[in-house]
Structure formats: C-alpha cells, structure tokens
Amino acid sequence: PNCVHILTYRSGPLPPAEHHHLQESKNTNINIHNMKLPQQRLPSINQRRITLVCLSLAVMIKMTEAFVTTTNHHRCRSAFFQSCASSSLLRSAPPQESSKSKSSRMADDSTTNTDDSSSSSSMDETNYEVVMKLSALDIKARLLDLVPRMMGTADEIMKVQNYINAIEEKYVAPLTLDWFNMATAGDWQLLFSTSSMGRPLADLRLTEMYQHVDPHALEGNITNTIQWNYAQEEDGGNGDDGGYDAMGSDEGFGPPKVTSKAFVCQGTFQVKSNYKIEQGSRMELDAEDDYAMELSKGSQVPKDVPRLVSMVESSVPTEFFNPYNHTMDTTYSDLDLRIVRFTGPQHEGTRNIFIRRGSFQINPTTSSME
C-alpha cells in the first residue's frame, strides 16, 4: 500500500546530497534496494468515495430544507393576500344594476355608435381637402367601392376625381426598374376610364376588358383584350326562305320567313402594341399594327364582321382600342390596383383604373363600406 516513487536520473554524476543512498554500478544502472523511501500514508480509494457521498448527502439535505422553507413562506403569503383581496372585494363590490338601467345604457351606447357612423358617412368627399386627410388605403377602398356602383352623377364623378388625385399625391414611385416591371406584369382588368365609352348597343355585350403587360427590361408588349357577345339573325323553320311561292302555286306554299336575333357569336378582339421606357415609368406606345379577332369554341361565324368591329370600337374607351402614338405614365401601382395617365394628341390626361384580374369580386349592387 505504500506508494513507491521511482526516480530516474540521466547517466553521469549524481547530486552530492544523494551519494549515501545510491550506488552506481558498472553499467550505469541505478540500484534502489538500499534507498530509503519516504513513508506516506494516503487515503485509500474507498475512503475517498465515502467522503464524497457524505458531502453530497449533506448538501442535498440543506437544499431540501431551504426549498421547503421557501415554499411554506410563499404559501403563507399567497393565502394572506387572497384573504385580503377577498375581503376588499366584498367591501367594495358595486350594487348590481337592474335590467331596466342596463337596457337604457345599451340604448345610449347604440345611439352614440350610430351618431359616430353617421358623422363618418356624412363626410363631404366631394371636397378634395377632406379626401386628402384620409390614408392611401382608405382612399383605395372607397375608390374600389364606388366605381362599380356608379350611375354617372356629378357627385360621383367628383368623388372619383378626388380619389384619383389624392391617391396619386400620396403615391411613392418605385426606385428600381425590376420592381416596376414585377408590379406591372400580368393581366389587369379595366375598371374605369375617364374618357367616353359610347352608348350601349342592343346587339353587342362586352363581358370583360383587360390588359396584359409583358415587360422585358426597358421594353415590352401590351395586349388589350375585349371579350364580346354578338347577336345576329337566325332563320326560322328549316333554314330556307320559308317555302313561300311567289308564283302562287300550291306546292311549297307555307308561312312567311320568320327571323329572330340571339347571342350566338362569342369571341375576343385584341389590340397589340409595343412600348419602350425612356425615363422613370413612362411607357412610349408604338403601333404593332396587329388587330386580331378570335371566335370562342361553339360560336357561330358573324355574318357581318365589319359591322361587329365598328360596334366594338364605338363601345370601348378610345384609348383602349387605339393607344398608339401616346405615352402612358403609371401614377399609382400596388399588387392589385394600377392607375395610368395618357399623354398625347387624342387622349391627353385620360385616366384608366385597372385591378389585377381575379383579385377582387365586384358586386355593383351593394357597397362594401356599409
């Protein structure tokens, strides 16, 4: 059990203090038989383990006592505060109000809310200064709510004009061309135009007008698409001249020819143009000289195509059918709303309001602001 320390020295003379312990042999090996080793009594491994276990147990006992003391202290404090709180609540509990007073108070609150809503709805939005106090999101919401329900009154036109001018004033244009191209790319449904759209025609129905923008850095393509339904005459009977015999013979005599009109022709009319961006977000439109008409599946062929084209041209905004030799500035744009202004000889100052196709469900009969 005594630890033996083996000392090894390099070959050569030993230190003078240890000559009487060691004797050097011929082969320079060290003889340790006559060396007096120090007698050290170190604790065994089992004794050290027992000591560590005892210390650990003592620490755990102390921690447990401290935890129990703290827990009891917190319990006493919580019970004390709960008793105090309950007594104070009992002392300060207000008397219960009767059902009559409660109903009168609810009536007063409803009257107050009605007054607030009426005051907000009675805001004079025909005044530009009043509209400018609204945020851009509020102006956008009011614009998209009013335009589908417009009846063409002077107040409605003034409100739309104020909405457009105010939202353009608050608009911050994008700083990069990539952001502008990303924001304007895609299909945009035409919602409103400040130019005249012509009078409705009984034989033509326009179901949708939208614009497809395909940007490529500083240039791109714009395609205006018009979806239409066209009514034309249909022959009655078996499709011949009705079987009427002008010579008065009995053979083939029948009722006179009966004609009726139905919307049996459907298709699209497209106007394509190119554009270049010279500065900012201004698009200079150039004619591609490409007008295309396509019939839908199952549609009959129109009997008078020039008449159909003339009717489409007179029913849509003129800048939508003939945008050539004009510039188009984007005065407002976000993910689902886009406003453009035309500059040129025919459509100077004309505004078009577009919404991203499929982003809104338009209901022209009800208001979303109510």
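## Helix H6 and its ends

Glycine 186, which follows helix H6, has a positive phi near 115°. H6 spans residues 177-184; helices here are DSSP runs of H or I with at least four residues, strands are runs of E with at least two, and both are numbered from the N terminus. The model is a predicted one, in which local features need pLDDT of at least 70 and side-chain atom pairs count only at pLDDT 80 or more, while totals for chains, interfaces and linings use all residues. Residues are numbered from 1 along each chain as its sequence is written, and side-chain values use heavy atoms, with hydrogens and water left out.

The N-terminal end of H6 is capped by threonine 176, a side-chain oxygen of which lies 3.3 Å from the backbone nitrogen of tryptophan 179. Within the helix, Phe180, Asn181, Ala183 and Thr184 are buried. These residues lie on the same side of H6 because they cover an arc of only 165° around the axis, the arc being that of the directions from the helix axis to the C-beta atoms. Asp178 and Met182 are exposed on the face turned away from the buried side. Buried denotes under 20% relative accessible area, exposed over 50%, and partly exposed the range in between (1.4 Å probe, protein chains only).

## Overall composition

The secondary structure of the chain comprises eight helices and eight strands. Of its 370 residues, 28% count as buried. The chain exposes about 25100 Å², of which carbon and sulfur atoms supply 55%; accessible areas come from the Shrake-Rupley method with a 1.4 Å probe, and for residues only the protein chains shown count as cover.

Among contacts with a separation of 6 or more, 66% are accounted for by residues 24 or more positions apart. A contact means heavy atoms within 4.5 Å.

## Salt bridges between strands and loops

The whole structure holds 12 salt bridges, each defined as a side-chain nitrogen of Lys or Arg within 4 Å of a carboxyl oxygen of Asp or Glu. One of them joins lysine 261 and aspartate 203, at 3.0 Å from N to O. Lysine 261 belongs to strand S4 (residues 259-277) and aspartate 203 to the loop between S1 and strand S2 (204-216), so the pair ties together parts that are 58 residues apart in sequence. Aspartate 203 is buried, with a relative accessible area of 11%, whereas lysine 261 is partly exposed at 47%.

## Buried strand residues

Leucine 190 lies in strand S1 and is buried, with a relative accessible area of 10%. Not counting residues up to four places away in sequence, leucine 190 touches Met209, Tyr210, Pro317, Phe320, Asn352, Ile353 and Phe354. The C-alpha atoms of leucine 190 and asparagine 352 are separated by 7.1 Å, although these residues are 162 residues apart along the chain.

Threonine 268, in strand S4, is buried at 17% relative accessible area. With the exclusion of residues up to four places away in sequence, its contacts are Thr225, Ile226, Gln227, Trp228, Ala292, Met293 and Glu294.

## A nonpolar surface patch

Val53, Leu57 and Met60 make a nonpolar surface patch of about 290 Å². Methionine 60 lies in helix H1 (residues 45-92). Patches consist of residues with over 30% relative accessible area and no salt bridge, with like charges joined within 9 Å and nonpolar side chains (Val, Leu, Ile, Met, Phe, Trp, Tyr) within 5 Å.

Key. A polar contact is a pair of N or O atoms within 3.5 Å; within protein, one must be able to donate a hydrogen and the other to accept it, and residues adjacent in sequence count only if both atoms are side-chain atoms.
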